[in-house]
Each structure stands twice: as structure tokens, then as C-alpha cells.
Amino acid sequence: MTSLLRSTRARWAGGIALWSVLLALATFGFVYWQTASFLREELAETLRLEVRATAADPDAAAGRVDAWIAMDLHARHAGGLFTAKGQRISGNLPVLPMNLTPDGDAYRVRARVDLGERVIDDEVWATALALSDGRIVVIAHDTDEIDRVRATSLRALGLGLLPTLIVSSLGGLILADRARRRLGATQIALDRVMQGDLRQRLPIGERGDEFDRLAGNVNRMLDEIERLLGEVSSVGDAIAHDLRTPLTRLRARLERTRDGAVSVAEFRDAIDQGLAWIDQTLTMVTAVLRIGEIEHKRRFAGFAPVELPQLVQEVFEFFEPFAEDKRVVLKLAIAPAVKPIHGDRDLLFEALSNLVENAVKFTPEGGRVRIELVVSGTGPVVSVADSGPGISAGERERVFRRFYRAERARLTPGHGLGLGLVAAITQLHGFGIEVGTSTEGGARFTIVCHDAGTPRTQEAPPRLPAASESL
């Protein structure tokens, strides 16, 4: 019984029933109040008109009072004509009612009424008015009609509350049962998710109500959780694979040196080679930790206005000697009047540097790399285009994943973390990044600085847009 009373179904049914009863009480109360007020005002106006008509002809006052009494066959009318001292002259009121002011207005008072065979003490609505000769005329009417209205209203309320309570309770049970079924299906799906089935999703109806919108939000959250867990799994496998190679080499080299080295120089060579492999491993671990730090929004404190033209110029000057050494032509084009953007200057420098470094690295000798800063309708746009081998359409969405390396990039040194770092930085700033084909057939990376002049205050920047097929 206790569990039933605590159930949502019982609470919904009780709440709807209580609300219906309160609504019925308020409705009946308002109807009674309006009806009783109307009847009281109608009766008061009738008494006021009658007493004024009686006072208008003092000589006929006694006859007018008797006529008022006689016109009522149910003995609801009362009246009387009294001297200035309160002695009865005519009418069926033996004495002048107490607390009745002779001002021509109507009041509810107690009065004694002579019905012939008996005298009763009853509540009446009465009005009194003094005549010109000092006499006082009283016109009264009993309160039975108003009392009957009250009794009828209360009886109707009592008779109507029970059906209202029953119907509203049934309605509450039906609504609660429908909600319980929906929640039951949702609970089953959540139980399967908690058991490890991340492919399970909450059921969504066709009405698009609050439950459906909530289920949709939870499903999108589950999609993101499944994606993140998949990335964690793939990143873990990639880290284990990439760490195994240098560590295996290091162990084998140390074993060979221990067993075969005969001079200090050989030991130094082995140590230097081991340090190089350790540095390679630490570089990879540092890059992974840096991506995680950026993705967890720990760098918002470094946001400030950034002059993009100056930043792009510095990146160009930094990589120009590297491009000359590889005999690659590095070009720069900056549009005028570029507004400052709001972001972390160091992170943006790192992101653009990764793009330029990759472009120069994968462009063969004699090729060209072009850095361009233009202004679009949504904000500044920075692009890095090269004349290298390019990226196939099927790989463009995967190049931003950690440790992913395209087929053509597997022969060059690296861990596949540079573009993942670029994606994390652009997501942190709420910018869009696209990859396509340059005019010379190579790769073209474009960073679109959406809402560049607005400080980033939201906790979750938008997801990366779908990679375009060409630019």
C-alpha cells in the first residue's frame, strides 16, 4: 500500500482529482456568490422602491403597508406603520425592528412577525423611512429565497463533487498509466545502456512533446558517449602500438650494447639512440595530453583579442627558411582591414603552424604552398593550400582523428597527432575547419573564424562541420 501511494501513478491521479475538486469548489462558489448577490440587490431595490412609494403619500401609508402584506400569499412580506415613539399603527410587525435605521436603505435584521395564529422571530430584509409627520414606515421581506438558493447550491455542490472526484481520478489514472508505459520503455532502454549496450537508444514517439525532446537529447548524448568511447579505444590501441615500436627498439639496442659493446663510445652511441627514442615517445605523449587539455576547455583564461594579420605574418616568417631548405615556394596573401578575433594567440599560432608544416613537409621539391587570409561574410578565413599529393575524398573526415595517418603519409616521420591538435584548437574557439582540394591538385585546409569578434563564453563549442569535397 505504501509503495502504491508513493507511485507516480497514484500521485498523478490524486493531484488531478484534487485539482478538479478545487476547481469545482471555486466554480460553485463563484456561481453562488454572483447569484446571491444578484438576489440580495434585487430584493433591496424592491424594498427601497416600495418604502419610497409609501412615504410619498403619508395619508395612504397604512393602506399601502396592508396592501404590501396582502399581495404575498406565502406570508413572506412584512411591514408596519409606527409612531415616532415606535408604537405600531398598522401592519404585521408588532414592534419596530431593532438596529433598523430609517434612511430608506435595506438591511438584514431580526424582527417579530405576526402571522395571525402565531408570532415568529425571523431574519428579514427590511427598509424604514420616516414620514413628514414623524411616523415611520417599515417594508420587509423574509430571507427564505436567498437561503433556499444557498441550500440548493450546497446540495448541487455535494452531488457534483462525487462524480467529479471519480471522473478526475479515472482520468488521472489513465494519464499516469500512459506516462508509466513511456517511462517503462525508457527505463528498459537505460537498463540495457547501463549493462554496457551503448548501441541502445531511448524510444521516441511521433508527437514531438517534452518526453520525445528529452529522449532525443539523451540519444544524442549516448551517440557522443559511444563516439568518445570508440575514440578512447582506438587512441589506446594507437598509443600502445606507437609506444611499442620505440620501446622494443630501445630494449633491443640496450641488450646488444650490454652484450657486445667494448668501448665507451659504443655505450655513448647506444645511450644517445635510446634518448632519441625516449624523446620521440615523450613528444607523442605530450601531444596527446595537450589535445586532452584543450578539449577539456582549460584554456579559456588565455582568450584575448588577436590580430590575425600579424599572427599569419609571423607563421609565414617562421616557416620560410624551412620551405627554402626544402626548395618549396612559400607565398603569403593578407587582405586589408581584417578585424581582430577573440581567442588564444598561442593556440592559434600552433594550429596554423601545424597546417603550414604539414603542407611544406608533404609538398615535393619545386612545389608551392600558399597562406591566405581573407574576409568573408561570417568572419576572417585563413587557408593553407599546397601543390602536394592532396588528400582523397574518403580520408578527409578521418584526418582529424588522433593517430590517423593517410596512406601517402605513412612513409614520413610523425604520429598523426598534428591535425588532431588543430581540430581541438578550432573546436575550442568555435571555429570551423574544412579540408578540400587546392587549385593545383594538392590539399587545402581552411579555418573559418565564426563570430570572431565575440568572446567565447559557452562551455561546449560546436562540433566540427562535415568536410567539404572541394574548395
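1. The chain of this predicted model contains nine helices and 12 strands. Of its 471 residues, 37% count as buried. The chain exposes about 27,300 Å², and carbon and sulfur atoms supply 58% of that area.

2. Contacts in the chain may be considered by separation in sequence. Among those with a separation of 6 or more, 63% are accounted for by residues 24 or more positions apart.

3. Two packed helices are described by the angle between their axes and the distance between the axes. Helix α8 covers residues 345-362 and helix α9 covers residues 418-429. Their axes come within 9 Å and cross at roughly 145°; the crossing is left-handed.

4. Which residues form the contact of α8 with α9? From α8, the residues are Leu347, Leu348, Glu350, Ala351, Asn354, Leu355 and Asn358. They meet Gly418, Leu419, Leu421, Val422, Ile425, Leu428 and His429 in α9.

5. Is Arg88 buried, partly exposed or exposed? Arg88 counts as partly exposed because its relative accessibility is 39%, a value that falls between the limits of under 20% for buried and over 50% for exposed.

6. The surroundings of Arg88 may be described as follows. Leaving aside residues up to four places away in sequence, Arg88 touches Leu81, Phe82, Leu93, Pro94 and Asp114. Its side chain also reaches the backbone oxygen of Gly91 at 3.1 Å. The C-alpha atoms of Arg88 and Arg135 are separated by 9.9 Å, with the two residues 47 residues apart along the chain.

Methods
Residues numbered from 1 in each chain as written. Predicted model: local features only at pLDDT ≥ 70, side-chain atom pairs only at ≥ 80, totals over all residues. Heavy atoms only, no water. Axes fitted to C-alpha atoms, helices over the stretch in contact; angles between N-to-C directions. Helix = DSSP H or I, 4+ residues; strand = E, 2+ residues; numbered from the N terminus. Left-handed = near helix turned anticlockwise from the far one by under 90°. Contact = heavy atoms within 4.5 Å. Buried < 20%, exposed > 50% of the residue type's maximum accessible area, 1.4 Å probe, protein only. Areas by Shrake-Rupley, 256 points an atom, 1.4 Å probe, with all protein chains shown as cover. Polar contact = N/O pair within 3.5 Å; in protein donor to acceptor, adjacent residues only side chain to side chain.
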